[in-house]
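Student: I've got a model open and I'd like to learn how to read its ring pairs and helix packing. Can you walk me through it?

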Amino acid sequence: MKRLSRAQRRERFLQLADVAFDRLEVWCDAHPEATFGEIEAEARRQRRELMGQAIAVLINGRDSGVRMEAPRCSRCGEVMQFREYRAKTIRGLEGDTCLQRAYYVCPRGCGETFFPPGPDSETAQ
Ligand SMILES: [Zn+2]
């Protein structure tokens, strides 16, 4: 995901929320006899999925780990080269979030790689 402006991130979130609410509507249509507790359980599932996606928009849309100045190889000191974006899924409290992070390698073949962790990938329990 390329960097998005705040307005673009908001727009993306509203699209995701729109889809999530529609899914709840469809679920309610399919379960007309559902109790409050069952609707709540389904809403929680949808919320978890939505928030996982929302967090991905917040993190990936702000910073994907690309550096203005490439990092240097810790073995030979050579400027490392951007290779690709790699995905990393984090199972969080609010939902599962797929982070897109920039991945760098040393051009001299030292085998050194650099994969910025970005925002703290550990979640509080
Ligand atoms: Zn190197």
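Student: How many aromatic pairs does a search of the whole structure find?

Tutor: A pair of aromatic rings is described by the distance of the centres and the angle of the planes. Rings of Phe, Tyr and Trp (its six-membered ring) pair if their centres lie within 6.5 Å; planes under 30 degrees apart are stacked, over 60 edge-to-face, and the rest tilted. Here the search turns up two pairs. In one, the ring centres of Phe82 and Tyr85 sit 5.1 Å apart with planes at 65°, so we call it edge-to-face. In the other, Phe82 and Tyr104 have centres 6.0 Å apart and planes at 75°, so that pair is edge-to-face too. The Phe82–Tyr104 pair links distant parts of the chain: Phe82 is in strand β1 (residues 81-91) and Tyr104 in strand β2 (residues 96-105), 22 residues apart. Strands (E, at least two residues) and helices (H or I, at least four) are DSSP runs, numbered from the N terminus. Together, ring pairs join Phe82, Tyr85 and Tyr104 into a cluster.

Student: Before I go on, what should I know about the model itself?

Tutor: It's a predicted model, so to speak of local features we need pLDDT of at least 70, and side-chain atom pairs count only at pLDDT 80 or more, while totals for chains, interfaces and linings use all residues. Residues are numbered from 1 along each chain as its sequence is written, and side-chain values use heavy atoms, leaving out hydrogens and water.

Student: Is Tyr104 buried or exposed?

Tutor: Buried means under 20% relative accessible area, exposed over 50%, and partly exposed in between (1.4 Å probe, protein chains only). Tyr104 has 2%, so it's buried. Phe82, at 40%, is partly exposed, and so is Tyr85, at 41%.

Student: Now the helices: at what angle do α1 and α2 pack?

Tutor: Axes are lines fitted to C-alpha atoms, for helices over the stretch in contact, and angles run from 0 to 180 degrees between N-to-C directions. Helix α1 (residues 6-30) packs against α2 at about 160°, with the axes 10 Å apart. Angles under 35 degrees count as roughly parallel, over 145 as roughly antiparallel, 65 to 115 as roughly perpendicular and the rest as oblique; α1 and α2 are therefore roughly antiparallel.

Student: What does Gln46 touch?

Tutor: Contact means heavy atoms within 4.5 Å. Gln46, in helix α2 (residues 36-60), touches Ala20, Arg23 and Leu24, not counting residues up to four places away in sequence. With a relative accessible area of 5%, Gln46 is buried.
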